[in-house]
Amino acid sequence: MKKTILCIFLLSLCIAASARTPELKFDKDGSFKVLQLTDLHLTADNPKAEASTLARIRFEVKTEKPDLIAVTGDVISNGGECRSQFQHFLGTLEDLKVPFCFVFGNHDQEQEMSKADISGMVAACKYSIAVIGKDGVLSDIRVPVRNHKGRGDGLELYFMDSHTGIQAGSPYEDMQIRYEWMSFDQVSWIRNEFRKSAAEHGKVIPSAAFFHIPLPEFLEAWQVRTSEYYTHNNVTGVRGEYGGHSRINAGMFAAMLEGGSTMGVFCGHDHDSDFIVDYMGIALAYGRCCGDGSTYHHLRNGARVIEFKEGQRSFTTWILEDDGTRIYTETFTDGKFE
């Protein structure tokens with residue numbers, strides 16, 4: 001009985017949250033700014049790291065004044081009690097009064113809270129943009145950004161679940177496949193969303209995608225662009241580790257390439273990488289590890305900022321470090337760095 005009451009309560013919160021989902025639109029100056037937060041790795045046994053990480057987020061929002069916060073996973077770490085830390089994080093975002101989208105990292109779902117628990121907490125937040133699926137878990141979503149007059153879509157943002165590590169008992173656990181991959185259903189979903197969007201608007205709307213674990217093309221793009229045989233080495237930033245992508249390629253990048261709308265893909269997961277590289281007309285970019293509680297990182301904590309331009313297939317992006325310094329500023333227009 002208690003479980004039934006709890007389910008009804010969570011459902012009511014989700015319905016209420018959906019009814020008040022904030023509408024996004026470009027500013028009067030034709031800009032729309034996204035602050036990407038990734039890899040906070042909050043834990044109950046490190047309150048000092050939690051305090052400094054949440055203070056950093058408040059500083060980043062105050063400095064950049066984003067229109068949207070994109071949370072690309074691993075807010076908490078695997079193992080142990082992390083519910084309070086997740087609540088503190090959500091409370092901080094609510095206090096900042098900035099709309100936000102959340103996608104799961106591989107560690108968020110590897111502790112005592114289920115994906116449904118976390119999904120309910122996220123969807124209940126006033127400033128959260130979230131859709132709960134029939135399974136009680138956050139759905140992959142296409143988020144429209146209206147033009148500055150609030151009419152028509154000037155941009156579409158896709159938020160997707162990149163899943164977790166290969167679990168014990170999986171038939172793949174002895175095959176050196178560390179992480180799951182985007183499913184064929186997700187590839188079909190985004191292809192269908194591209195078609196629906198083009199039909200709705202009579203044209204292709206520029207878009208960008210956010211999720212936690214990078215696609216295999218991130219490593220491939222780095223290797224191609226840094227090859228001694230390639231004369232235009234359009235890579236900015238650091239690759240400090242091999243790459244934690246899945247070894248299985250389900251075709252998500254190909255779907256984005258064929259869809260014709262995707263300007264950039266923004267991920268987290270690899271704490272020691274923050275590079276951006278152009279690949280076949282799509283920018284592939286890591287965020288910057290934000291949390292002091294991460295198990296490893298050698299880069300200064302910070303965040304990636306992306307400023308989109310209304311009416312253009314263009315954005316400018318940079319890394320904001322925790323002392324307010326902006327580094328690695330790049331503008332990407334019509335599939336190329338300027």
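**Note on the predicted model**

1. Isoleucine 306 stands opposite threonine 317 of strand E13. Strands E12 and E13 pair in the antiparallel sense, over 7 bridges; two strands count as paired if DSSP finds at least two bridges between them. Strands (E, at least two residues) and helices (H or I, at least four residues) are DSSP runs, numbered from the N terminus. E12 and E13 form a hairpin with 4 residues between them, and glycine 311 in the turn has a positive phi of about 75°.

2. This is a predicted model, in which local features need pLDDT of at least 70 and side-chain atom pairs count only at pLDDT 80 or more, while totals for chains, interfaces and linings use all residues. Residues are numbered from 1 along each chain as its sequence is written, and side-chain values use heavy atoms, with hydrogens and water left out.

3. The protein chain has 7 helices and 15 strands. Of its 338 residues, 55% count as buried, where buried means under 20% relative accessible area, exposed over 50%, and partly exposed in between (1.4 Å probe, protein chains only). Among contacts in the protein chain with a separation of 6 or more, 70% are between residues 24 or more positions apart; contact means heavy atoms within 4.5 Å.

4. E12 is mostly covered, with 6 of its 8 residues buried. E12 also pairs with E2 in the antiparallel sense, over 6 bridges. Here glutamine 36 has arginine 304 of E12 as its bridge partner.

5. The largest nonpolar core has 35 residues, and Leu37, Ile57, Phe86, Phe89, Phe102 and Val122 touch the most other members. A nonpolar core is a set of buried Ala, Val, Leu, Ile, Met, Phe, Trp, Tyr and Cys residues joined through side-chain atoms within 4.5 Å. The elements that each supply at least two residues of this core include strand E2 (31-37), helix H2 (47-64), helix H3 (83-96), strand E12 (302-309) and strand E13 (314-321). Leaving aside neighbours within four places in sequence, valine 122 is in contact with Phe86, Leu90, Phe100, Phe102, Ser128, Ala130 and Leu138. Another core, of 27 residues, lies apart from the largest one; Leu68, Ile129, Leu155 and Phe210 are among its members.

6. An open sheet of 8 strands has the order E1-E5-E6-E7-E9-E11-E10-E8, with mixed pairing. Strand E1 (24-25) and strand E8 (235-236) stand at the edges with a single partner strand each, so one side of each has no neighbour in the sheet. Strands E10 (residues 276-279) and E11 (residues 282-286) run antiparallel and are joined by 4 bridges. In E11, alanine 283 is the bridge partner of aspartate 278.

7. Helix H6 (residues 216-225) lies across E8, strand E9 (262-267), E10 and E11, at about 85° to E10. H7 lies across strand E7 (207-210), E9, E10 and E11, at about 140° to E11. Axes are lines fitted to C-alpha atoms, for helices over the stretch in contact, and angles run from 0 to 180 degrees between N-to-C directions.

8. Histidine 298 lies in the loop between E11 and E12. Histidine 298 counts as exposed because its relative accessibility is 72%. The C-alpha atoms of histidine 298 and histidine 271 are separated by 7.9 Å, although the two residues are 27 residues apart along the chain.
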